[in-house]
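Hello! Here is the structure we talked about, ready for you to open. Have a look at it first, and then read my notes below.

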Amino acid sequence: MRADHAGGPAARAAELPVREGEGLWTPAELAEVRAGLEEQIITLRAEIAASATQIAEGDTSEGAGDDQADAGAKTYEREHELALAYNSQDLLAQIERAVQRMEAGTYGICESCSRPIGKARLQVFPRATLCVTCKQREERR
């Protein structure tokens, strides 16, 4: 948390942007979202570590005597495990970035248009970096 910010986390919650018609963030709401993100970080780090171990152990099973079907199945399984590991690492980076934005006081600001993302959207999807309008525009491309 930033030491230079007067009032600490409670003051910071109320300073986060919200869309018109939404109530300001309360310290409890922000703490709840942050706790959920931090729980996901712990879970993902454990999954990534387990996956890395599994992938590394799979390297030793490259067996001589495998027929083409066995070799193909092992290759497919390994590529699938690697894809899942990369997805988990990407998700972890997104979640860590959301926590960093909270600490920086920029949580809830759309990275495209700089308008509020919306408190309700962030409560449902706390790692969102774009408002609904900008996200829809991005998905149409």
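Let's start with burial: 28% of the 141 residues in the chain are buried, where buried means under 20% relative accessible area with a 1.4 Å probe, counting protein chains only. Please keep in mind that this is a predicted model, in which local features need pLDDT of at least 70, side-chain atom pairs count only at pLDDT 80 or more, and totals for chains, interfaces and linings use all residues. Residues are numbered from 1 along each chain as its sequence is written, and side-chain values use heavy atoms, leaving out hydrogens and water.

The chain has five helices and zero strands; helices (H or I, at least four residues) and strands (E, at least two) are DSSP runs, numbered from the N terminus.

Now for the inside. The largest nonpolar core has 23 residues, and W25, L30, L37 and Y107 touch the most other members. Such a core is a set of buried Ala, Val, Leu, Ile, Met, Phe, Trp, Tyr and Cys residues joined through side-chain atoms within 4.5 Å. Both α2 (27–58) and α3 (68–104) supply at least two residues each, and α2 gives the most, with six.

Beyond its neighbours within four places in sequence, Y107 is in contact (heavy atoms within 4.5 Å) with several residues, including L16, W25, L30 and M102. Over the ring of W25 sits the charged end of K119, 5.9 Å from the ring's centre; this counts when NZ of Lys or CZ of Arg is within 6 Å of the ring centre and within 35 degrees of the ring normal.

Enjoy exploring!

Conventions. Buried means under 20% relative accessible area, exposed over 50%, partly exposed in between (1.4 Å probe, protein chains only).
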